[in-house]
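Visitor: I am new to this structure and would like a close look at one part of it. Please take me through that part slowly.

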Amino acid sequence: MIDSGFETTSLRMTLLLLVTFQAPAADVDRIMDAVVAIAPLAMGKYDRNAYQSAHGIERYRPLDGAGAETELRRRPGTVEVSFELPDDQPLAARVVEAIFQAHSYQEPVIRIQPILASRSKGLDDQANPNRWWNTTGDWKKIALPATADA
């Protein structure tokens, strides 16, 4: 594993923490509001940067003491959300606690991994033919599937 960042002409690869959690899709906005109250999730000229997966099915079986049910459960409508934080353990601890407090689960799935992530140097690339503003398509005009959350 690369243990330090590096640079290319256009970007820096920076040591960060990747935070991932699973939750019912209906809980995500509440959880993310708690997260960004602590860390703005900034990336260049943007904030509140995160990724949310499509709906999936969470599988688990309650053990003694977890409730009255004992059968294997399959909960549809669960998503995974990930975002990056600075490599700062006290900040990560505050964010993880915020996720836990805002989450509806007794035992939420929260993971943190060290990663190298890209950060643009902010060079002028207005003429780059691959940028969305220089193509005929616009992702904002593409209709999302009916089951996707905005």
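Is H103 buried or exposed, and what is its relative accessible area?

Guide: This is a predicted model, in which local features need pLDDT of at least 70 and side-chain atom pairs count only at pLDDT 80 or more, while totals for chains, interfaces and linings use all residues. Residues are numbered from 1 along each chain as its sequence is written, and side-chain values use heavy atoms, with hydrogens and water left out. H103 has a relative accessible area of 7%, and it is therefore buried, a word that means under 20% relative accessible area, as against over 50% for exposed and in between for partly exposed, with a 1.4 Å probe and protein chains only. H103 sits in the loop between α2 and β6 (110–120), where helices (H or I, at least four residues) and strands (E, at least two) are DSSP runs numbered from the N terminus. Apart from neighbours within four places in sequence, H103 is in contact with Q22, A23, P24, R30, I31 and P108, contact meaning heavy atoms within 4.5 Å.

One of these partners, I31, leads on to helix α1 (residues 28–36), where I31 is buried along with V28, M32, V35 and V36. Seen down the axis of α1, the buried residues fall within an arc of 130°, so they line one face of the helix; the arc is that of the directions from the helix axis to the C-beta atoms. An α-helix has 3.6 residues a turn, so residues three or four places apart point the same way. The cover over the buried residues of α1 includes β2 (11–24), β3 (51–52), β5 (73–86) and α2 (89–102).
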